[in-house]
Amino acid sequence: MRDFAGPGLVSFAHILPFRKEALTMGEPAPTPSSPDGDRAENPDRSPWNWLLIIPVVVPLITVLFNHSTPKLFGFPLFYWLQLAFIVLGVGATTLVYQLTKKRGR
Amino acid sequence: MWKNVNGVEFTVFAVLFVAVSVMGFVAAKWRRPTTMEHLDEWGLGGRSFGSWITWFLVGGDLYTAYTFVAVPALIFGAGATGFFAVPYTVIIYPMVFLILVRLWSVSKKHGLVTPADFVRARFGSPTLALLIAVTGIVATMPYIALQLVGIESVLKTVGLTGDSTLARHLPIIIAFAILAAYTYQSGLRAPALIAFVKDALIYIVILVAIIALPAKLGGWDAIFGAAQAKFDKSPAVTDGILLNANNQLQYITLALGSALALFLYPHSVTGVLASKNRSVIKRNMSALPAYSLMLGLLALLGYAAIAAKITPLPGAKPGTADNNTVVPLLFHSQFPSWFAGVAFAAIGIGALVPAAIMSIAAANLFTRNIYREYLNKDATPAQEAKVSKIASLVVKVGALLCIVLLDPQFSIDLQLIGGVIILQTLPAVALGLFTRWFHKGALIAGWAVGMGLGLWMVYTVSSATRPHWAGSAFSLSKLGFDTKMTIYAGFVAVLANLVIAVLGTFLLRALKAPEGQDATQRADYFTDEDEPSGSVAPTEAAVA
């Protein structure tokens, strides 16, 4: 077994009101389940994944950037700040990738 | 028939175009597989692409020629609203970071090729899979047609245009015939190889434009000033270099809705599934925003065109203007002919890469989810590859007919609707990757409601010149709200879709309606390159 980061966010499904465990209960178990199939630890799970929320939410808050000043190189704030958010996106995804990379690879 | 052709521009364009066409044919030999007679090889490049190739391929796939032409055109016409493309392409990658790796793993494990394949395996419903496949094909066709609009805007500027239908369309028919031929032969390897040239050209062109144009036009201050002056004078209330109170919600929901839709498109999925492991995908989520920076800078050329006093060429109908020509015209007027030729080639070749991938993706949907499901249940991999190759030709002819026979505006409208309808596959495809809680019947009901509502909303959108289909900004007042605010139609439609899917699931569970068989297991969503794969029966599936 590989070494995985600790508990935390499994996936975006957890922001949703339903969790897989809770919801698969009422089913007539259609899946031919393997011994440790549904109980296995989720290898994608890591608290660092929460960082990904930042670059998804921040670029959508228009009040942050819907202004013309301060200008940068002649660009109104609206334009240069939104371009700067690209760095935020790259930073967050790079960080999460590096921090959750499987060790020993 | 073509009298006013700019010789230098045309020659540079043609030479580069021929060069990449040769590459397209040679690509069949690139990273040569033992057999090309398999859908995994023809349609997914052997699922073997590393980080670099994937970066070029997916970048070339998502950032299409039409984007390069239409986004600056939107900025030119309406200002700040058009800049939604930047937040859209920023939020997309962190959003799908954890989703795409799951899709890749389960597809690798079960030999899935299309999003509808996944839905078929997950929910065990051929009907739902068929709906997803048809939605994908219908959404992709106008998207391919739009790539032609991109090439045409360039050809028009070069002077390859005229009054007769033949004069207007012959160049594009030739270009598409060549594209069809090498896609038929080389499959996904062709656009993957050509993407290197396309992206190199685009980056060079943008870099030069972004440095040279402000110097020529008096700096960015002057460029933004000219745009401000234009919008101040215009009678329209929705334009301006900043957003106003009524279009902010539209801006947010359009960026979010477009981002949700992007990786539901079959061609995006094709690009992702062609990568060789999970790390390649994750690394690309960090590297692909480089294209967003390029797109953002390119978008601002719309303002540069205002400052350079560009007047768009006339549209297909008398009295209309074709804003899509502003970027080509900007290069035409501000740069020497040879460089304008390079820029035009960048846009033209930029259209070929996504057009090839889209036709492959649509062909795969037909082959896997219609042909194999309904026409030939025991199709061999070689038969699948053969059918896909032929289907890719049919798809291209269809897209070409769209452009030749219909008003190009119609393709643009269809593409707009395409975004709204592809979003309706979100519950089954994207949420399906995390949970199979939804009942297949409820997903079908949600799809139908979202589709109906979305189409109705887009139908009601009017503008000064057009009574219907004039955009995706739905007025909330039509739902009885006392406001001038607008919202992205696709976003509302997918919310309705979700509500129905959730309520329907509760209802069908209460009624004990039969469930479909889930062929996937939890561990399938985490498998990586070095682990066993192939079309395995669920009972044989090894636990990773």
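Author: Contact here means heavy atoms within 4.5 Å, and the model under discussion is predicted.

Reader: With which residues is B:Phe331 in contact, leaving aside its neighbours within four places in sequence?

Author: B:Phe331 belongs to the largest nonpolar core, where it is listed among the residues that touch the most other members. Once its neighbours within four places in sequence are left aside, the residues in contact with B:Phe331 are B:Val205, B:Ala209, B:Leu301, B:Phe339, B:Ala340, B:Ala343 and B:Phe344.

Reader: Is the ring pair of A:Phe65 and B:Tyr251 stacked, edge-to-face or tilted?

Author: Over all chains the count comes to 34 aromatic pairs. Planes under 30 degrees apart count as stacked and those over 60 as edge-to-face; because the planes of A:Phe65 and B:Tyr251 stand at 55 degrees, with the ring centres 6.4 Å apart, this pair is tilted.

Reader: Which helices does the pair of A:Phe65 and B:Tyr251 join across the chains?

Author: A:Phe65 is buried, with a relative accessible area of 0%, and B:Tyr251 is buried as well, at 2%. The pair crosses from helix H3 (residues 62-65) of chain A to, in chain B, helix H11 (residues 248-262).

Reader: How far from the ring centre of B:Phe76 is the charged end of B:Lys230?

Author: The charged end of B:Lys216 sits over the ring of B:Phe335, 5.7 Å from its centre. The charged end of B:Lys230 sits over the ring of B:Phe76, and its distance from that ring's centre is 4.1 Å.

Terms used:
Residues are numbered from 1 along each chain as its sequence is written. Chains are lettered from A and ligands numbered from 1 in the order in which they are written. This is a predicted model: local features need pLDDT of at least 70, side-chain atom pairs count only at pLDDT 80 or more; totals for chains, interfaces and linings use all residues. Side-chain values use heavy atoms; hydrogens and water are left out. A nonpolar core is a set of buried Ala, Val, Leu, Ile, Met, Phe, Trp, Tyr and Cys residues joined through side-chain atoms within 4.5 Å. Buried means under 20% relative accessible area, exposed over 50%, partly exposed in between (1.4 Å probe, protein chains only). Rings of Phe, Tyr and Trp (its six-membered ring) pair if their centres lie within 6.5 Å; planes under 30 degrees apart count as stacked, over 60 as edge-to-face and the rest as tilted. Helices (H or I, at least four residues) and strands (E, at least two) are DSSP runs, numbered from the N terminus. A charge sits over a ring if NZ of Lys or CZ of Arg is within 6 Å of the ring centre and within 35 degrees of the ring normal.
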